Every structure is written in C-alpha cells, then in structure tokens.
Protein chains: 2
Amino acid sequence: MKVLGVIVEYNPFHNGHLYHLSLAKEIVEPEYTIAVMSGNFCQRGEPAVIDKFARTEIALRMGVDVVLELPTVFATQDAGGFAFGAVSLLDATGVVTDVVFGSESNDIDFLWQVAKILFEQPEEYRVSLHEELKKGHSFPNARKFALMKYFSFKGWNERNILRLEKSNDILGVEYLHSALRIGSPIRFHTIKRVGAEEKDVSFKGRFSSATAIRNLLREKRWNEARESLPEASYEVLMREFKEGRGPVFLEHIGDFMLAFFRLKDREYFEKIHGFSEGLEKRFQVCSRRTGSYRDFLECVKTKRFTFSRIRRLCLFSVLEMSKKFVEKSNVRGPQYLRVLGFTEKGREILAVMRKKAKLPIVTNMSLYRKILKRTELPVDKNLFIEQLQLDVKSTNFYSMFFPSKEQRCGERDFAIHPVFLRAET
Amino acid sequence: MKVLGVIVEYNPFHNGHLYHLSLAKEIVEPEYTIAVMSGNFCQRGEPAVIDKFARTEIALRMGVDVVLELPTVFATQDAGGFAFGAVSLLDATGVVTDVVFGSESNDIDFLWQVAKILFEQPEEYRVSLHEELKKGHSFPNARKFALMKYFSFKGWNERNILRLEKSNDILGVEYLHSALRIGSPIRFHTIKRVGAEEKDVSFKGRFSSATAIRNLLREKRWNEARESLPEASYEVLMREFKEGRGPVFLEHIGDFMLAFFRLKDREYFEKIHGFSEGLEKRFQVCSRRTGSYRDFLECVKTKRFTFSRIRRLCLFSVLEMSKKFVEKSNVRGPQYLRVLGFTEKGREILAVMRKKAKLPIVTNMSLYRKILKRTELPVDKNLFIEQLQLDVKSTNFYSMFFPSKEQRCGERDFAIHPVFLRAET
C-alpha cells in the first residue's frame with residue numbers, strides 16, 4: 001500500500017497547492033494522502049490568515065484524506081526545526097511511504113548530497129561553517145558559504161550550492177536531513193515548483209504566491225484573489241471572513257507584541273528559544289524605543305538576523321517557548337499525532353494508523369489525558385503535555401485577533417471537533 | 001513653617017479638585033503645597049486619561065508647588081495600600097506638616113476612632129472580621145459589619161459605621177491608620193466633599209465627578225466637559241489629545257489584557273499579588289471563555305469580589321506584581337521621592353527637602369543608580385530598584401495605548417525632564 005505524505009501550510013490553499021497535490025498523486029499513485037499542516041502560526045512567524053480548522057476543511061475538500069497538525073513548537077521554527085517536526089510526524093504515522101515536496105532545482109540527488117553533508121558534518125565543513133559565522137553572516141548565509149567551500153574542497157561544482165538560495169530547496173534539504181537523522185524509510189520525490197515564488201509578492205493571476213494572495217486579501221481585492229484560488233478555498237475563506245474569523249494578519253498582533261515586550265526585561269528574553277548574541281538586549285531596547293511593530297522589526301534588524309528570524313523570535317517570546325522546551329522537542333520530536341480532520345476515506349487509513357503509529361493519536365482533545373495515560377507507546381509524557389498545551393495556547397491567543405469579538409471565545413481546540421468530510425454521493 | 005500635603009489622582013483635574021485645594025489652603029495657610037499623585041495607573045485599576053507629566057503640569061498651574069509620584073505599587077492598590085504609600089511618602093518628605101483630605105462625613109474624630117480600631121486590632125474586632133469573611137462577604141463589607149459589631153459591643157452608636165460606605169471616608173480612615181502605623185507627626189484635617197460623588201457618573205455641570213468627566217471625554221463632548229474643568233486643565237487635555245497622547249481608557253487596554261491572560265496559566269496568577277480563593281482559576285477559565293474584556297470582568301465577578309478589585313488584579317497581572325514584592329513594599333513603604341514637577345517656588349521647598357527628607361529624592365531619572373549609590377539614608381536598595389523599575393514599566397506599557405503611534409516611543413520616564421513652571425512675571 002502506498003500512502004502519500006505532504007508537508008503544508010495552506011495559508012491559504014491556492015492553485016499552486018492544488019497543482020502540487022495532483023502531480024504528487026500522479027507520481028506516487030497513493031491509496032491515501034496525509035497532510036502535515038501548520039496550526040494557527042506559520043513558519044515565518046506569522047499567523048495564518050484563517051484558522052487551522054477552516055484550512056483543514058479546504059484541504060479535505062481538495063483531496064487530502066487526513067490532516068495532522070504540526071505541533072506549534074515545530075511549525076514556528078526555522079527550516080531545520082520545521083522539517084524535523086514534519087518528517088518525524090509523517091514517519092510516526094507508520095503508514096506514509098512516500099513524500100513529495102516542491103523544489104526549485106528539482107534535483108533530488110543534489111539535495112541528498114547536501115543533506116548528507118549536514119547529517120555527517122565532516123570536519124572540513126564544520127570548520128568553515130564556524131569561520132563564516134564568526135564573520136557575522138546569518139546562519140543560512142554562513143552555511144551556504146561553508147557548503148561552497150566544502151564542494152570546492154571535494155572538487156565538485158561549487159556553484160551548484162548557489163541553487164540553495166531558494167526556500168523550497170532549503171526546506172527540501174532539511175526534510176532529507178531529518179529523514180537521515182531519524183532513519184526513516186520514507187521515499188522522497190521532488191516536483192518542480194511552478195508559478196510565483198513564495199517571496200514574490202506581486203499578483204500573477206492563476207499562480208500567485210500565498211504572500212501575494214494574502215496581500216490581495218488584506219486589501220479586500222476578493223475577485224483578484226479568487227483567480228488564484230480553487231473554488232472550495234475561496235468559498236471557505238469568504239465564509240470565515242463573513243463570520244468574523246479572519247482575515248488575521250501579523251499587523252493585528254504586532255501592537256500586542258510590542259506592548260508585551262515592554263513588560264519584559266532582558267532576563268525574560270534570555271530564557272526564550274533563539275535568543276543569543278545580544279538579541280535579548282536589542283529586543284528590550286527596541287521595544288522601548290519604537291512605537292510600532294514595523295519600526296520595532298527595523299530596529300532589531302542587522303545583517304546577521306533575517307526578518308523571518310526576528311518575527312519568529314517575537315512569536316517565541318509571547319508564547320514563552322523556552323530554550324529548554326524547544327531543545328528537548330528538537331531532540332525527541334513530536335509526541336502525538338493530532339488529527340485536525342479526515343474524510344470518509346481517511347477514516348480507513350486512520351484505522352490502520354491506530355495499529356501502526358509510533359505515537360498516540362489524538363482525535364478528541366478532551367480525552368488527551370486519558371490517551372496519554374493508556375498509551376503503551378514510548379512517549380515523553382511531560383513533553384507530550386507541554387507540546388499539546390502550547391498548541392492550545394496558540395489557538396487561544398490566535399482567536400483573540402479574530403475581527404469579531406463574538407468569535408474570540410477561546411478553547412477552540414476543545415470546542416471544535418475534528419473536521420469530518422463525508423463522501424459525496 | 002507650614003507645608004500642606006494633598007493626596008491626588010487628578011484624573012483629570014476638575015473644579016472639585018480646585019475647590020478642595022483652595023479650601024485646604026484656607027484651613028492650613030501653608031507656605032508650600034506638595035501633592036502626592038498617582039502615575040499613569042490609578043487606584044481603580046484604570047489608566048489615567050492623560051499621562052502623569054501632563055497631569056503634573058496642570059497641578060502646578062493650579063497652585064501645587066511640588067508633585068511627587070506615588071509609586072505604582074501603591075497607586076494601584078486598594079485603599080489600604082494606596083493610603084499607606086501616600087502617607088508614608090508625605091511623611092518621608094520631612095517637611096509636610098498638615099494633610100487635608102475630602103470626606104463625606106467630615107467628622108475627623110469619628111474617622112480617628114475607626115482608624116484606631118484598625119490599628120490596635122482589639123480581639124473582639126478581629127474575631128468578628130474573621131466570621132464575616134467566612135460568610136463570603138467582600139473584605140470592605142466584612143470589615144464594615146465587624147466594625148458595627150465592635151461599636152455595638154462598646155456601646156457606641158453602631159449606625160455611625162454605615163457612614164463608612166463612602167469612598168473618601170474609607171480612604172480617610174486608611175490615611176489615619178497609616179499615620180498611626182508609621183508614627184507620623186503630620187496633622188490631618190478633613191473638608192466636606194462637594195459636588196458629585198466619584199461613583200456618580202452623570203454630568204452635574206460645574207461639579208461633575210472625574211468619572212462623569214471621563215465619560216464626556218470618551219464621547220468627545222468637549223464643551224460639556226469644559227464646564228467642569230478649570231481652564232488650564234481643559235487646555236492641557238486638549239493639547240494632549242491633539243498631539244495623540246490621549247485620551248487613554250481602560251477599554252483600549254482591555255483586549256490586550258485578555259490576550260495576555262490567555263498566554264498565562266494558573267501558576268502564573270498564583271504568584272501575583274491579590275490572587276487567592278480560586279481567583280487564579282477564574283482568571284484562567286474566564287479568559288478562555290470570553291471574547292471581550294467587559295465579558296471577562298462579568299465572568300470573574302462574584303459577590304465576594306468587587307469590580308475594582310478585579311480590575312486591579314488585571315493590572316497586577318500584566319505588570320507582574322508579585323505577592324512577595326507587594327508585601328515587602330507594604331511593610332517597608334516607598335523607597336524614594338520621585339519628583340514629577342515643581343514650580344519656581346517649589347524649588348525652595350525641594351531645597352529644604354534635600355536636607356530633611358527620609359528618602360532619596362529622584363529628580364533626574366537617568367541618575368537614579370548614582371543617587372542610590374550615594375545615599376546615606378536607610379534605603380532597601382533592591383526594593384528601591386524594583387519599585388522604580390515598576391514605574392518605568394508602567395509608563396512604557398501605558399504609552400503603547402496612546403492614540404498616535406508616533407507618540408508611543410517608550411522610556412518617557414527618562415526622555416522627559418520634570419515639569420518646571422516658572423513664576424509668571
């Protein structure tokens with residue numbers, strides 16, 4: 001039996017995602033498709049434009065059979081942490097056989113070559129990386145230069161590494177690297193990414209990037225956004241907006257964050273994951289010096305830190321994600337498989353997962369303590385609770401930024417059942 | 001030499017305050033007048049409508065010579081903590097000889113009688129208080145009933161105690177109680193409060209309450225508000241609003257608070273001053289259950305807890321005022337005299353204070369560590385820093401809620417010099 005796994009944010013689900021999903025199914029010809037999806041906060045430290053339950057509904061309507069939530073602790077990390085969480089989760093299902101991911105280079109051999117260097121960490125590479133970091137480069141850049149040196153040292157074409165500028169390839173390498181780390185038997189395939197790049201914010205018609213689409217939504221240009229969205233996605237988005245559960249944008253949360261930072265001192269930030277090299281001081285000083293979130297980001301920014309990293313740090317700070325907790329998660333991986341939704345067909349593969357999964361499956365959140373108590377799987381129970389409570393906290397926090405106050409009542413993780421999509425008859 | 005002390009919030013300064021100030025001067029005939037004023041947050045857990053520097057300017061223009069800031073840890077507490085901080089501060093000036101406060105009963109002998117019971121805590125009173133609290137009454141009510149019993153036990157007119165329903169009399173008793181506690185030689189006088197009661201929210205023309213005036217300001221009914229305000233007060237208010245530094249109302253901060261609470265668990269609230277009797281659980285549950293600050297307050301409310309108390313607890317929570325810190329402050333009192341502003345005449349009495357004060361005087365905030373290092377006065381240095389940093393934190397937090405983003409730059413405590421009012425020539 002073949003089961004396809006995909007790793008997604010669907011923020012929001014657009015034509016490019018649909019194309020990717022169809023092509024992946026063509027390549028793998030799976031009986032079932034399982035998606036690992038970010039919850040309410042995404043990898044660039046931004047909130048999702050609509051919440052995870054609505055995005056799950058769209059994914060199911062577009063042909064995914066089961067949607068699992070990537071725990072917040074992974075969904076909000078950089079490429080390395082994100083990939084490790086996602087691949088670990090797919091591996092833990094016990095049923096996923098193939099993963100397909102988008103790639104600019106579409107050269108899986110090259111990506112494996114790089115992943116192996118990251119995994120094996122040969123001496124020459126480690127030394128160069130250290131040197132490049134010392135020069136003050138951001139981690140992604142330092143790594144790129146160190147890899148170039150290593151390629152040149154090996155007599156390989158060092159210019160190849162320049163292809164690693166693209167975000168999907170970078171993520172792809174991390175997926176493969178994670179698979180090596182956990183020794184996963186999953187087969188990986190790439191498909192050429194079509195249409196606009198994620199970074200490309202301009203409107204490109206049928207294949208605009210998620211960023212471009214979010215910009216259109218921000219400006220209420222519904223009809224233009226619609227061109228880039230499958231009908232089901234458009235429908236659900238409009239329904240959510242109408243009911244006051246979106247769109248949620250970073251700028252809505254930005255002022256909260258700045259006020260929050262003003263209540264905290266350097267010692268607070270020091271405990272948070274990702275703070276080092278004087279960032280705690282920059283956060284303290286800049287939060288007092290600036291009056292808007294945008295100015296705050298500009299104030300903190302230096303050559304060494306990307307905006308994405310700073311936005312992630314902001315999120316880590318308000319969610320109080322400690323170094324200890326994140327580091328432990330990055331060693332031990334996710335501790336549960338949280339089912340956000342499934343189709344009638346998906347129910348079948350969930351039944352198989354109940355026998356084969358390496359982690360407990362949480363479908364009904366109100367039973368999570370019982371599930372944890374009864375499981376015979378090797379779970380770190382404290383970490384299970386910490387990770388799950390962070391997901392709950394994220395949801396409660398996120399829903400405070402719904403446009404409608406009536407929709408802001410919290411505990412949606414307990415109030416809302418997994419999305420179930422009946423087969424059309 | 002006679003120096004008058006007054007204890008104020010001036011939120012905002014209105015005709016009733018002016019009347020009080022004039023009458024107090026008539027009674028005492030002081031050479032100088034010193035006001036202890038709340039900073040950016042007031043005793044009912046609400047933000048001041050304009051910030052402390054603007055309110056200081058008004059006070060100086062209206063005839064106060066020196067304005068001292070009541071440290072946040074006292075300004076935001078209930079009547080007991082507020083009064084203890086304020087009277088301790090006036091006593092610590094070393095120069096204040098007389099304090100005049102507004103009183104509904106205007107019966108200083110009666111207020112002293114009650115204050116002595118609170119101070120001496122006779123057995124009979126203590127037992128009744130305990131019983132009344134056990135019945136589930138709020139503390140103010142329990143105390144009222146216990147005092148009634150004690151009066152009746154003594155053969156005094158127990159109905160007198162019913163007069164203690166009024167907020168100024170309650171505060172007055174606490175002033176006298178605090179004076180007994182610290183053995184202050186200050187003389188106390190009352191004056192009959194005129195015009196509307198603070199609780200009276202309806203517009204009463206020349207003598208509306210501060211609450212009624214804030215309501216008018218909320219609705220932008222400037223001309224009606226103007227009727228109740230001295231010209232200088234109106235002028236400064238309008239200037240501040242025009243520049244985007246107000247008005248600040250609790251509802252602007254309410255959503256922040258609710259989102260903040262959702263990020264915290266019961267253990268967080270347990271450490272905060274004032275949380276007991278299951279309030280930490282109520283805060284946790286209600287912050288998840290409700291979608292607006294107003295609904296949150298209603299959800300937490302029970303017979304036992306007044307709205308004022310709940311609002312104060314909200315503020316304690318976001319400012320992270322721990323039990324340990326507040327309790328220590330309530331034993332040791334304020335640790336500095338922070339000068340918010342002074343007139344040319346006020347400079348003379350400040351010069352005397354520099355010799356007579358029992359606490360270090362902080363005029364230039366950027367020198368506070370030097371001042372602390374050099375002082376020979378018996379100061380708890382850790383507490384000094386903790387109290388002052390809370391004031392700074394409150395200001396930084398408060399300014400995030402200015403209507404204009406340009407005005408939100410923080411560290412106003414360091415950026416703004418004490419207000420200095422030159423004598424008119």
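Reader: How do helix 17 and helix 20 of chain B cross, and at what angle?

Author: In this predicted model, the axes of helix 17 (residues 323–332) and helix 20 of chain B come within 11 Å and cross at roughly 115 degrees. Axes here are lines fitted to C-alpha atoms, for helices over the stretch in contact, with angles running from 0 to 180 degrees between N-to-C directions. That makes helix 17 of chain B roughly perpendicular to helix 20 of chain B; angles of 65 to 115 degrees count as roughly perpendicular, under 35 as roughly parallel, over 145 as roughly antiparallel, and the rest as oblique. Helices and strands are DSSP runs numbered from the N terminus, helices being H or I with at least four residues and strands E with at least two.

Reader: Thanks! Before we go on, what are the ground rules for numbering and confidence?

Author: Residues are numbered from 1 along each chain as its sequence is written, while chains are lettered from A and ligands numbered from 1 in the order in which they are written. As this is a predicted model, local features need pLDDT of at least 70 and side-chain atom pairs count only at pLDDT 80 or more, whereas totals for chains, interfaces and linings use all residues.

Reader: Good. Back to that pair: is the crossing of helix 17 and helix 20 of chain B left-handed or right-handed?

Author: The crossing of helix 17 and helix 20 of chain B is left-handed. A crossing counts as left-handed if the near helix is turned anticlockwise from the far one by less than a right angle, and as right-handed if clockwise.

Reader: Which residues make the contact?

Author: Helix 17 of chain B brings Phe325(B), Lys328(B), Ser329(B) and Arg332(B), and helix 20 of chain B brings Leu383(B), Glu386(B) and Gln387(B). Contact means that the C-beta atoms, placed from the backbone, lie within 7 Å. By class there are two nonpolar, two polar and three charged residues in this contact. Ala, Val, Leu, Ile, Met, Phe, Trp, Tyr, Cys and Pro count as nonpolar, Asp, Glu, Lys and Arg as charged, and the others, Gly among them, as polar.

Reader: And how do helix 4 and helix 8 of chain B pack?

Author: The axes of helix 4 (residues 79–92) and helix 8 (residues 167–182) of chain B come within 8 Å and cross at roughly 55 degrees. That makes helix 4 of chain B oblique to helix 8 of chain B, and their crossing is right-handed. Among the residues that meet are Phe84(B) and Val87(B) of helix 4 and Leu171(B) and Tyr175(B) of helix 8. The contact has nine nonpolar, three polar and two charged residues.

Reader: Switching topic: how many residues of chain B are in contact with chain A?

Author: On the chain B side, 25 residues are in contact with 25 residues of chain A. Helix 12 (250–262), helix 14 (279–289) and helix 20 (381–399) of chain B each supply at least two of the chain B residues there. Helix 12 of chain B gives the most, with five residues. The chain B side divides into ten nonpolar, six polar and nine charged residues.

Reader: What rotation superposes chain B on chain A?

Author: A rotation of 180 degrees with 0.0 Å of shift along its axis does it, at an RMSD of 0.0 Å. The two copies are thus related as by a two-fold rotation axis. Copies are superposed by least squares on the C-alpha atoms of residues with pLDDT of at least 70 in both.

Reader: Which residue of chain B comes closest to the rotation axis?

Author: That is Phe256(B), whose C-alpha is at 3.1 Å. Also, 100% of the interface residues of chain B are interface residues in chain A too, so the copies meet through the same surface.

Reader: Nice. Where are the cis peptide bonds you'd point me to?

Author: One joins Gly246(A) and Pro247(A), with omega about -5 degrees, and Pro247(A) is in the loop between helix 11 (231–242) and helix 12 (250–262) of chain A. Another runs from Asn11(B) to Pro12(B), with omega near -5 degrees; Pro12(B) lies in the loop between strand 1 (3–8) and helix 1 (15–28) of chain B.

Reader: Last one: what is the secondary structure of chain A?

Author: Chain A comes to 21 helices and eight strands. Its C-alpha trace spans about 60 × 50 × 50 Å along its principal axes.

Terms used
Contact = placed C-beta atoms within 7 Å.
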